[in-house]
Amino acid sequence: MKLLYDLTATQPSPESKFHGGGAYGEVVFFKMLEYLDDFQMYCIYDAKSYINPGILKAIEQHKIPLFDINTKSIDSVIKDNVIDRAYSAMLNLNQNWPLDSVQVYTTVHGLRTIEMPFEKTILCYEHSLKQKIKDILFMTMAKDLYLKKMHTINGRIVRDSRIKTITISNHSLSSIHSFYPETREFNIPVFMTPLPPPPSFCHNEQYVNQTDNQNQASIETLNLKEREYFLLTSAARWIKNTLRAVQAFDSLFSDGTALSYKVVVTGVTDSRIFTKKLKNPDNFIFLDYVDRQLLLELTKKQYAFIYPSLNEGFGAPPIEAMQYGIPVAASGSSAIPETCGDAALYFDPYSVTEIKNRLVQLLNPKIYEEYAHKAEIRYKYISERQEKDLVGLVEYILK
């Protein structure tokens, strides 16, 4: 069997330099390499965009044919190489996939554009008056039109019987069934999102736009002490709701509580979003996208991980923190409770006060130890399920 693997899904998207769907695609790719005795792999990518060097090294090592979509169409790759099947971790139908010529498998990570298309804090992330007016129109007069458009776009994948859809959580599956009732008759398997690849596979300094000093940063050069800082990630995207969490921390510091702690915020492409009304700036460290090695170090040595996201199809970052026995406080929305189980302190992500209350709880040594213990148990359970599901996913695609 000949399979075409879509590496464009692992490359940076217009919305984010690094995204969970891309990491997911990388993990599946490396797992598939273990099955090369059973099938022949071909790959496509975008030569104009960053790609993980570890992937290119593996392609060279295994002598896998690689095609640039800028010079050769997907249709031509499929026809010229008599491809039987294709897989994309995030299928982009704008790439003109020949669905009548090849069986396409894809993973739908969630329906955020329908579940959570807009929220008022998005205006805080815009600096252009024109863009703010545009957002307001989408949230008011044009809301129904926009939702109809997003419903159509998502439906192009989940409704098409020529595409074998896979999803990553029971929440995402129920969302697909809710918005597209006809899909309840389809066989859409759920395979839990695997943990991201280790740093050895992620030499991704090209993801970041930072000074050399920041690229070489460590918790020591950032003047951080182990277990004396909280961590927030993916701050560039409004959907991650980092702004409300920063406001909760700022209020906590203004009360004189936890002044010995810092808050590290990563993925910050514009710090003005967070610093404009900040009363305790010395307690915060805002970083752009950081490389995987530094993120791992920050994750291991933090005091607690805060995950205020408004919408997730799975929500892997809390599980990454739990791997090291780190207590988690998280939003109680979408798939996050399914992922974190009883191992997280949950809050209403729209309430700055409630986020602050959970932070106060985490400062209680007894509660802290309770959730550190729960974190280790939850990670063990989820990681075992993730490994099993990763094998199941690859075998489902290749069978």
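Six strands make up an open sheet here, in the order 3-2-1-4-5-6, and their pairing is parallel. Strand 3 (66-68) and strand 6 (163-167) stand at the edges with a single partner strand each, so one side of each has no neighbour in the sheet. From one strand to the next, the twist averages 20°.

This is a predicted model, in which local features need pLDDT of at least 70, side-chain atom pairs count only at pLDDT 80 or more, and totals for chains, interfaces and linings use all residues. Residues are numbered from 1 along each chain as its sequence is written, and side-chain values use heavy atoms, leaving out hydrogens and water.

Strands (E, at least two residues) and helices (H or I, at least four) are DSSP runs numbered from the N terminus, and two strands pair if DSSP finds at least two bridges between them. Strand 5 (residues 103-108) is joined to strand 6 by five bridges; tyrosine 105 has lysine 164 in strand 6 as its bridge partner.

Now for some individual residues. Buried means under 20% relative accessible area, exposed over 50%, and partly exposed in between (1.4 Å probe, protein chains only).

| Residue | Relative accessibility | Class |
|---|---|---|
| Cysteine 43 | 0% | buried |
| Cysteine 340 | 0% | buried |
| Serine 333 | 15% | buried |

A search of the whole structure finds zero disulfides (pairs of cysteine sulfur atoms within 2.5 Å).

Serine 333 sits in the loop between strand 11 (328-331) and helix 13 (336-340). The side chain of serine 333 reaches the backbone oxygen of leucine 310 at 3.0 Å.

Conventions
Axes are lines fitted to C-alpha atoms, for helices over the stretch in contact, and angles run from 0 to 180 degrees between N-to-C directions. A polar contact is a pair of N or O atoms within 3.5 Å; within protein, one must be able to donate a hydrogen and the other to accept it, and residues adjacent in sequence count only if both atoms are side-chain atoms.
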